[in-house]
Amino acid sequence: MRANVAYPPQEIVLLATKKEKELELWARNQGNFTFIRSYPIRKASGQAGPKLREGDKQVPEGVYRITHLNPNSLFHLSMGLDYPNSYDLMRAAKEGRTNLGGDIYIHGKAQSTGCLAVGDIAVEELFVLVNQVGTHNASVVIAPHDPRREPLDGFSDNLPRWAVELYADISREFAKFPKSDI
C-alpha cells in the first residue's frame, strides 16, 4: 500500500546483486515499476562472473524467469530459475561447453551452493507473491554488483570475452529501475 501498487501486482522483477548481497523487489500494475523493498541475501557462493559449468559453485548472472515454485524444498521453500536460459545455452554451444548445471533457486535458509538463499521469512513473502502474480510474470536479474552504482567491467581477465555483452544486457535491465526511486 505504501508503494501505491495494488496487490497482487501484474508483474514483478527481482534484482539480485552478488557483491552487495541484496535482492530488490520491484512491482507494477500499469506503467513504471515501483520499488517495494529489499531483502538481504543471506548466502550466495562464488564470485563475480557467470556460471559456466556444473559444480563451479557460481551463482549465474543474467536475466532469468522464475519457472516453478517448490513448496517441498529442502530449503524451506524455493523458486526455480530457468538457468541455463537460451543465452547461457548459446554461449556454451559456441564454446563447446556441456554440463552447464541447473537446479538454481531462490530459496530459504542461509546456506547455498550456486543459489540465492534469502532466509525463510523472505522466501515465504516472495513465494506467496510469485504464486499470486504467476511465474510467467516474474523475472530475476542477477548481477555481480549493482551497475547503477558502479559500471560492470566485462573486460576483466577472469571473465569470458562475451561477458562484455552479458554485462551490457544486465546494465540495461538495471537501468530500468533507477536507484533514485529507492
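How many of the residues of strand β8 (residues 138–143) are buried? In this predicted model, local features are reported only at pLDDT of at least 70 and side-chain atom pairs only at pLDDT 80 or more, whereas totals for chains, interfaces and linings use all residues. Residues are numbered from 1 along each chain as its sequence is written, and side-chain values use heavy atoms, with hydrogens and water left out.

For β8, 6 of the 6 residues are buried, so the strand is largely enclosed by the rest of the structure; buried here denotes under 20% relative accessible area, exposed over 50%, and partly exposed the range in between, with a 1.4 Å probe and protein chains only. Strands (E, at least two residues) and helices (H or I, at least four) are DSSP runs numbered from the N terminus. In a regular strand the side chains alternate between the two faces of the sheet.

Strand β1 (residues 11–17) pairs with β8 in the parallel sense over 6 bridges, and Ile12 has Ala138 as its bridge partner in β8. Strand β4 (residues 62–70) pairs with β8 in the antiparallel sense over 4 bridges; Gly62 is bridged to Ile142, and Arg65 to Ser139.

UniProt, in an unreviewed entry, places the feature "active site" at His107 and Cys115; UniProt positions are given in the numbering used here, feature names are shortened, and annotations may be inferred rather than shown by experiment. Both His107 and Cys115 are included in the lining of the second largest pocket, where a pocket is an open set of points on a 1 Å grid over the protein atoms alone, at which a 1.4 Å probe fits, with protein on both sides within 12 Å along at least five of seven lines, and lining residues have an atom within 4 Å of a point. His107 lies in strand β6 (residues 105–107) and counts as buried at 2% relative accessibility. Cys115, in the loop between β6 and β7 (116–117), is buried with a relative accessible area of 8%. Residues up to four places away in sequence aside, the contacts of His107 (heavy atoms within 4.5 Å) include Phe75, Ser112 and Cys115, and those of Cys115 include Lys43, Asp103 and His107.

Lys51, in the loop between β3 (34–40) and β4, is buried with a relative accessible area of 7%. The side chain of Lys51 makes a polar contact with the side chain of Asp56 at 2.7 Å, and a polar atom of the Lys51 side chain lies 3.3 Å from the backbone oxygen of Arg53. A polar contact is a pair of N or O atoms within 3.5 Å, of which, within protein, one must be able to donate a hydrogen and the other to accept it, residues adjacent in sequence counting only if both atoms are side-chain atoms.

Terms used. Pairing = 2+ DSSP bridges.
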